[in-house]
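Have the sequence and the 3D view open as you read.

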Amino acid sequence: MFFKSHVLSHLVGFCVILSSFDVLAGGMDSKHESPAWKPLLGLSVGPTWASNHHVQTFNVQPDVQKSYIGNNDNNAFVTAELFLAGQKHLQTEALTKPLLGQIGFVVAWGGDADVSGDVWEDANPNFNNFNYTYKMNHTYLALKGRLLGEFASVIEPYISGSLGVGFNRAYNYIETPKIPEEVPAPNFTAYTKTAFSYTLGVGLQQAILSHFQAALGYEFSDWGQSQLGRATGQTMNQGLSLKHMYAQQIQCSLFYTP
């Protein structure tokens with residue numbers, strides 16, 4: 001998809017724009033100088049939907065090959081995020097009204113996402129004799145930036161983006177026979193995979209008290225790679241894996257500035 005193939009370039013561009021405004025603001029004369037950075041604390045929660053469709057074929061033994069055909073399920077679960085940052089008005093001569101830049105560290109947790117599909121014995125669709133399920137949760141540490149436009153007196157639009165490292169724990173793998181005569185193979189084991197992750201978001205923000213702001217937005221995230229461990233007796237390859245786990249969240253946020 002066009003969005004997925006260009007999402008990283010858009011995120012890099014966003015970071016460059018945020019940095020450029022800050023440099024320009026610092027170069028203004030004293031009557032146009034922006035205030036110093038101020039601390040910001042944010043908490044976000046909301047429902048999240050994960051998409052995990054994939055097809056993977058590999059050998060678990062030299063003479064045993066299987067295909068795993070993932071379902072494109074979108075189960076819902078809760079994601080929470082803590083944002084520790086600084087914020088500053090970014091004023092330049094080219095802007096009639098300032099932008100508000102925020103940058104800092106974010107810690108997020110999401111889960112459990114359900115992953116499921118069919119198992120084809122011998123990689124043959126005629127031997128589609130098992131279903132599989134497992135769970136995955138995600139912990140995320142990243143550098144995040146937000147850019148708000150103070151174009152209206154009440155509601156402010158914003159864009160956001162983050163880059164960081166995700167810790168994806170895949171566990172509780174279970175194979176279920178579709179017919180009573182079949183006996184499932186030993187289950188893959190739990191494993192935590194460290195992976196590159198990123199997010200992109202848009203939304204609206206409004207001041208509700210003198211030190212508090214509330215926001216409602218949408219955030220897209222790529223959790224990155226995940227991996228199950230080898231099953232008992234498995235001699236080839238590792239467990240079932242995903243190259244990407246894409247998630248979409250409706251994000252409800254509350255921010256505090258002293």
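Let's start with a charge and a ring: Arg-146 lies over the face of Tyr-158, at 4.3 Å from the ring centre. For a charge to sit over a ring, NZ of Lys or CZ of Arg has to be within 6 Å of the ring centre and within 35 degrees of the ring normal. Arg-169 does this too, with its charged end over the ring of Tyr-171, 4.3 Å from the centre.

A quick word on the ground rules. This is a predicted model, where local features need pLDDT of at least 70 and side-chain atom pairs count only at pLDDT 80 or more, while totals for chains, interfaces and linings use all residues. Residues are numbered from 1 along each chain as its sequence is written, and side-chain values use heavy atoms, with hydrogens and water left out.

A cavity here is a set of points on a 1 Å grid over the protein atoms alone where a 1.4 Å probe fits but cannot get out, and lining residues have an atom within 4 Å of a point. Volume is the space filled by probe spheres set on the points, with grid points joined across faces, edges and corners.

How many cavities of 30 Å³ or more does the structure hold? There are 2 of them. Here they are next to each other; nonpolar means Ala, Val, Leu, Ile, Met, Phe, Trp, Tyr, Cys and Pro, charged means Asp, Glu, Lys and Arg, and polar covers the others, Gly among them.

| Cavity | Volume | Lining by class | Largest share of lining |
|---|---|---|---|
| Largest cavity | about 170 Å³ | 6 nonpolar, 10 polar, 3 charged residues | E12, 4 residues |
| Second largest cavity | about 60 Å³ | 3 nonpolar, 4 polar, 3 charged residues | E12, 3 residues |

Which residues lie nearest the centre of the largest cavity? Those are Thr-79, Thr-199, Glu-219, Ser-221 and Trp-223, out of 19 residues in its lining. The elements giving two or more residues to that lining are strands E4 (76-90), E5 (99-121), E6 (128-149), E8 (191-209), E9 (212-222) and E12 (246-256). Strands are DSSP runs of E with at least two residues, numbered from the N terminus. For the second largest cavity, at least two lining residues each come from E4, E6, E7 (155-177) and E12.

**Strands side by side**

E5 and E6 run antiparallel and are joined by 20 bridges; strands count as paired if DSSP finds at least two bridges between them. To find your place, look for Val-119, whose bridge partner in E6 is Phe-130. The two strands form a hairpin with 6 residues between them, and Asp-122 in the turn has a positive phi of about 60°.

On E6 goes to E7, again in the antiparallel sense, over 18 bridges. Here Thr-133 has Ile-174 of E7 as its bridge partner.

**A group of rings**

How many aromatic pairs does the structure hold? It has 13. Rings of Phe, Tyr and Trp (its six-membered ring) pair if their centres lie within 6.5 Å; planes under 30 degrees apart are stacked, over 60 edge-to-face and the rest tilted.

Tyr-132 has 0% relative accessibility, so it counts as buried (buried is under 20% relative accessible area, exposed over 50% and partly exposed in between, using a 1.4 Å probe and protein chains only). Tyr-134 is buried as well, at 2%.

Tyr-132 also pairs with Tyr-173: their ring centres are 5.9 Å apart and their planes at 20°, so this pair is stacked. The pair links distant parts of the chain, with Tyr-132 in E6 and Tyr-173 in E7, 41 residues apart. Along with Phe-58, Tyr-68, Tyr-134 and Phe-188, these two tyrosines form one aromatic cluster.

A cis peptide bond joins Gly-111 and Asp-112, with omega about 0°, and Asp-112 lies in E5.

Asn-172 has a positive phi near 60° without being a glycine, and its place is in E7. Is Asn-172 buried or partly exposed? Its relative accessibility is 41%, so Asn-172 counts as partly exposed.

Asn-237 is also not a glycine and has a positive phi of about 60°. Asn-237 is in the loop between E10 (226-227) and E11 (241-242), and is partly exposed at 37% relative accessible area.

Key. On a 1 Å grid over the protein atoms alone, a cavity is a set of points where a 1.4 Å probe fits but cannot get out, and a pocket is an open set with protein on both sides within 12 Å along at least five of seven lines; lining residues have an atom within 4 Å of a point.
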